[in-house]
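Here is my note on the structure shown below. The points are numbered for reference.

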Amino acid sequence: MSTFLGMPAPRAVPAAPPAVPVAPRGVGHLRASEPFPVAARRALADSQLRRNLGKATATIRAKRAAAVAELPDWEELREAGQAIKAQTMRHLDGYLEQLETQVRARGGTVHWARDAAEANELITGLIQATGSHAAVKVKSMVTDEIGLNDALAAAGIRAQETDLAELIVQLGGDRPSHFLVPAIHRNREEIREIFLREMGDVDPGLTDNPAALAEAARLHLRREFLSATVGISGVNFAIAETGTLCVVESEGNGRMCLTLPKTLITVMGIEKVIPSWRDLGVFLQLLPRSSTAERMNPYTSMWTGVTPGDGPQEFHLVLLDNGRTAALADQTGRQALHCIRCSACLNVCPVYERTGGHAYGSVYPGPIGAVLSPLLTGVEDNASLPYASSLCGACYDACPVKIDIPSLLVYLRARHVEEARSARRVPSAEAVAMAAASWVMADPRRYGAAQQAGRAGRALSRGGRIRTLPPPLSGWTQARDVPAPPARTFRQWWRESGRARS
Amino acid sequence: MRVALFVTCLADTLFPDVGKATTVLLERLGHRVEFPAGQTCCGQMHVNTGYQRDALPLVRRYVETFERFDVVVAPSGSCVGSIRHQHAMIARRWGDGKLAGRAEAVAGRTFELSQLLIDVLGVEDVGAYYPHRVTYHPTCHSLRLLRVGDRPLRLLRQVGGLDLVELPGAEVCCGFGGTFAVKNADTSTAMLADKMRAVLDTGAEVCTAGDSSCLMHIGGGLSRLRTGVRTVHLAEILASTREGGRGW
C-alpha cells in the first residue's frame, strides 16, 4: 500500500477490518432507537422491573453456581468449548459446505440468506408455497434478530410462539429481554393479567399460581400444535459431519413443533455449526448448567434431513449471515461468535441486573449483546453498547466458552473512537480532553504543573468535600462527593520527607 | 529489598496518604522504597475509554521509568491489572513491538500491594494495629483480573485490634468502572446504592479495599448520604501501629 505520492502508508494506525457488509438497517432488532444511558435511566426508575430482575437473576445465579460446582473438570470443559469454537471459526467455510452437502444428501433443502431481509423474504415464500397462513414457532433468538414475525404478519401469516415465556411476550405485545427467559421482566401477577386480557379461551378465574398459568398456556397452545402444518425453529448446534441439527429446550413445545407439522423451516446463524458429534458432547455439558442450571435439559431434539413417514416431510435449512461474516473478519472481535446463548453472562452482570434487557435495544442484551450487536451492525450503529459495562469481569468468569467479553468491550470502544476520529473533521470534546490528558501525563513536569493547577479545586470544597462539579463530571457529583485536593501531593511529601536524596 | 513505588496518579494527586502508608509500611518491614520521579499514570483511563493511541506515550513512560527496577509495587489492583493485561497489547497494536516486549517484562515485576507482601516478601503479619470494625470490598480488578484471592483478608486478619466483618455480596462491582461512572451515571449510581446498603448492613465503621478509585466511589456515596462510615485504603490500615498511629 502506498499513498498517491508514492510514500509508504503510515504504520501507526492498525489496519481497518476489510469492508464486509454488516446487518442492514431498517429490518430486524439489532439496533437501539436510543442510546443505552437514556433507555437505562427509564428502566432504573421502574421499581417493579428492578424487583423482578433482582429476584430472578439472584435465583438463577445461585443455581448456576451450584450446578457448575458439581463438575470437577468444569475449567477443562470450558477450555474444550473455547478451542472447538475457535477451530470452527478458522474453517467456517469448509464446515458450512459440509453441513450443506449432508443436509441435502438426507433430503433437506439448504438456503443461504445474506441478511435479515433476504431471510424473511425467503421464509415467507416457503410458507406461502405450502398454502398455509400460520406457523408454530420454537423459541429462537435468530428469528427475533431478523424480525421474522413482523415480516410474516405483513404477508398475512400468523406466527404463533409456543415457548411459555415467548408466548407471554407475544401476547403482551412486548419484546424479549433475556435469551433464556424472555419474559424475565414480568412477574406472575403481570402474566396473569396478560393471559386474562389476551387469551380468548382462558378461564376467567385464573390465578397467578405458576402451575395454573402453565396449564392455561398448555390448553391454549394444544389447538395450535394439532392444527399447524408449518413449524419454524432456530438451532443450538448443527453437526457438519452428518448434517444433524439439535435444539435443546425445557418445555416440550419445541419437540412438538419439530415433529408434528408437515413442513419444518429452520433458521440458523452460520456460527452455529460444529464439526462433529464428539464436539456436541462438550456443549451438551456446558450449555444446560450455564443456562438453566440443570445437569441436563429435559428435551434434546435432533434430526437429520427428512425421515420418510416420520416427522416433517419437507425440511428447509436457512443459513443466515446478517453481519456474521463482518464479525468473523474482525480477528479480535470474532470470538463473540463463539457464544452459545446460555445467558450466564446476563445473569451475573450487575448492569443487566439493574437495567434489564430492553435498555440494550438489540435482541442480544447483556455483556455478550454489548459486543455481539455492534459487531453485527457496525460499531457506529450501536455505539453506546460497548460503554454499557463497568468492566467488572464477572461475565468472563461465567462464560462457558471463555469469551473474554471485558477485553472485547475495551477493543470495541477503541474501534469506535478510531472510526469517529477518521470520520470527523472536528474531534469531540472528549477526544480533545483525552489527548490533552495524554500530553500532560506523558511528561512529569507538565503533570506536576497540572497537579498544582488542580489544587484550585480546593476552593470548591466545603469540609474537605466537593459536592458539585460542572458537566460532564456532574454525572459523578449527582450522587457522590469528591474529596478536596490535599494540601500537598504525594510527590511533594516525598521530596519534603528527605527521601528524594537517598 | 529495594522496591520501586508506582504510587498511581490518583493516589499521588488526591490520596497521598495511600502512598505515604505504602512507603512507611515497607520501610517498617525493613525494605528500601524508591520513588522514581519520572512516573505519571498507567494510562488505564485512556485504554478503557477507547483512546488507545493516546495511552501509548503513557505506556512508554511507565516502561522507561520502571524497567531498571527488580520489583515495583502499586497500591492499586486496577492499575496493576492494566499494566499486566493491557500495556503490551497497546504497544503491539500501535506498532511498537519492541516496547511490547519490554512492557511485558516490567509488568511481570509489578505487583499489587497484597501480592507483594505475601508472594514476594512472604509476610502476613505486618505488625499493624487498627482498633476498628472493618469490612473489605475485594474490587473487581484485584479479584478477577489479578486473582489476588484472599491475600488482603489474610493480611487484615493479622492486624491487632481489628474486627473484620464479612461484606455481603462482596464480589459484586461497586459501579465505578472509570468513565462508566460518568457516561452511565444512573446505572453506576444504582450499583453504588446496593454496595452502600451492603456496607451499612455490616455495621462497620470502615470500608477498606486495595484500590483508591473504588474507594473514592464508595466513599463519595457514603459521604454524600452522611452515613458516618469511612473508606480507608488497605495500605493505611496495614501502616497503622499501636505506638505510631498512622506512622507519618
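**Notes on the model**

1. A:P37, A:A40, A:R41 and A:L44 in α1(A) meet B:D186, B:T187 and B:A190 in α12(B). Contact here puts C-beta atoms, placed from the backbone, within 7 Å. Helices are DSSP runs of H or I with at least four residues, strands are E runs of at least two, and both are numbered from the N terminus.

2. This is a predicted model: local features need pLDDT of at least 70, side-chain atom pairs count only at pLDDT 80 or more, and totals for chains, interfaces and linings use all residues. Residues are numbered from 1 along each chain as its sequence is written, with chains lettered from A and ligands numbered from 1 in the order written.

3. Helix α1 (residues 36–44) of chain A packs on helix α12 (residues 185–202) of chain B at about 40°, axes 8 Å apart. Axes are lines fitted to C-alpha atoms over the stretch in contact, and angles run from 0 to 180 degrees between N-to-C directions.

4. Chain B has 14 helices and eight strands. Its C-alpha atoms fill a box of roughly 50 × 45 × 30 Å along the principal axes. Of its 248 residues, 62% count as buried (20 or more other C-beta atoms within 10 Å of a residue's own, placed from the backbone).

5. Among chain B contacts between residues at least 6 apart in sequence, 77% join residues at least 24 apart.

6. In chain B, strands β7 (residues 206–209) and β8 (residues 230–233) pair in the parallel sense over four bridges; pairing takes at least two DSSP bridges. B:H233 in β8(B) is the bridge partner of B:A209.

Conventions:
A residue is buried if 20 or more other C-beta atoms lie within 10 Å of its own, exposed if 12 or fewer, and partly exposed in between; C-beta atoms are placed from the backbone. Two residues are in contact if their C-beta atoms, placed from the backbone, lie within 7 Å.
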